[in-house]
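Visitor: I am new to this structure. Could you show it to me and take a few questions?

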Amino acid sequence: MSTPLTLLSEDELAFQQTVRDFAQKRLKPLVSEMDQQAQFNKELIKEFFNLDIMGIEIPDQFGGLEADFFTSILAVEALSEVDPSAGVMVDVQNTLVNNAVVRWGNADQHARYLSKLSSEWVGAYALSEAGSGSDAFALATTAKEAGDHYVLNGNKLWITNGAEADLFIVFATVDKDAGYKGITAFLVERGFEGFTVGKKEDKLGIRASSTCELIFTDCKVPKENILGEVGKGYKIAIETLNEGRIGIGAQMVGIAQGAYDATLAYVKSREQFGKSIADFQGVQFQLAEMRTMLEASRLMVYNAARLKDSGADFLKEAAPAKLYSSRIAEKICSIGVELFGGNGFTKEYPIEKYYRDAKIGQIYEGTSNMQLQTIAKMELS
Ligand SMILES: Cc1cc2nc3c(=O)[nH]c(=O)nc-3n(C[C@H](O)[C@H](O)[C@H](O)COP(=O)(O)OP(=O)(O)OC[C@H]3O[C@@H](n4cnc5c(N)ncnc54)[C@H](O)[C@@H]3O)c2cc1C
């Protein structure tokens, strides 16, 4: 596990090492069991909070680390090297939920939610529905004004952290005829009347990460829980997802690094034809390809994150970083499975799980086709 020194400050290297040490010591022993049982270990979540990685950008006055976006990227990458399910839990918390509440929440919402998000509450981000995935703003969940509150009706699908979360950012429309201009973001607590978490998906990869349906049946949400302004939910969604997809890039870089490290160790130890398979030039070239792809995708992700922190425009870098790093993660894992030979196809070895986990990077927070569409649109505008 090496990271180019020139890219990271002393503080960043120390933070990265802390998360990597935690991942090796506390996370790694639980990875296989959590994957098989499709269940995230609850104690681990408490440890994430104790490690200060659930409120990385939350201001110090609310118990957060008050660090930058790049620090979140380092945490997501380091956890994903060992378990991408852990990576995405921390990613959604920091790059989507905390990000949206810090940026769009008012002082009262900051006071009510930021301390909880940095110390005990997992968050979830609920945009997708059965009929609106890529076409996210075609959502059908409605919010009707009723005195001092709104009444939400509808279902959300595929919501990460749904089983563990206490706070949900929910996008609903106050006026279907207004199109995307009716979309409004609400802060919904798990205990709100009329809100239930439905079925949990049984998935190919990131199995320990919960992906749930959310059901709103006359769910009462007080007006003080509107995030930002009525009708401005589309702006919150676009802007948080623009940043969030860099986090998914970091998850993919972590997967690629974890798969590469496991493969490198394996080819050094496996012997065929009387010598280590790492001695064959064919294998060496495969390793060299993996290493090169990994470095390229890491640089793209880090660059997008650094641009974001600097206040510069980062959209032209974020979509290609997510597109490329998710493709490369799948490719590196695939070569890894081959280099493990028959062992690579079994659950005795870690590489098959990395391979399964990598696939999601091409689907959530905008599929690869949607990234291509975004990139092409920016090129042609
Ligand atoms: C494990 C998991 C976790 C998730 N977590 C969350 C979450 O926390 N919150 C949340 O809101 N959502 C979440 N999602 C939903 C996810 O963002 C959507 O699944 C994704 O955006 C794709 O939408 P869809 O599944 O409806 O696919 P569709 O939109 O139906 O797409 C199907 C295929 O058609 C292609 N396609 C669609 N439109 C076009 C077009 N215009 N041009 C070219 N190709 C196109 C797509 O690229 C894709 O290959 C999660 C999904 C999964 C699987």
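Predicted model: local features only at pLDDT ≥ 70, side-chain atom pairs only at ≥ 80, totals over all residues.

Visitor: How many bridges join β3 to β7?
Guide: β3 spans residues 149–160, and β7 spans residues 211–222. They run antiparallel. The number of bridges joining β3 to β7 is nine.

Visitor: Is α4 roughly parallel or roughly antiparallel to α5?
Guide: Helix α4 takes in residues 84–104, and helix α5 residues 107–119. Their axes come within 10 Å and cross at roughly 155°. Angles over 145 degrees count as roughly antiparallel, so that is the class here. Relative to α5, α4 is therefore roughly antiparallel.

Visitor: How many nonpolar residues has the contact of α4 with α5?
Guide: From α4 come V97, N98 and V101. They meet Q109, Y113, L114 and L117 in α5. By class, two residues of this contact are polar and none is charged. The nonpolar residues number five.

Visitor: Which residues come nearest to the ligand?
Guide: There are 20 residues around the ligand. Ten are nonpolar, eight polar and two charged. β1 (123–126), β3 and α10 (368–380) each supply at least two residues of this shell. Those that come nearest are G133, S134, T160, T367 and N369.

Note on methods
Residues numbered from 1 in each chain as written. Axes fitted to C-alpha atoms, helices over the stretch in contact; angles between N-to-C directions. Helix = DSSP H or I, 4+ residues; strand = E, 2+ residues; numbered from the N terminus. Parallel < 35°, antiparallel > 145°, perpendicular 65-115°, else oblique. Contact = placed C-beta atoms within 7 Å. Nonpolar A, V, L, I, M, F, W, Y, C, P; charged D, E, K, R; others polar. Pairing = 2+ DSSP bridges. Near = placed C-beta within 6 Å.
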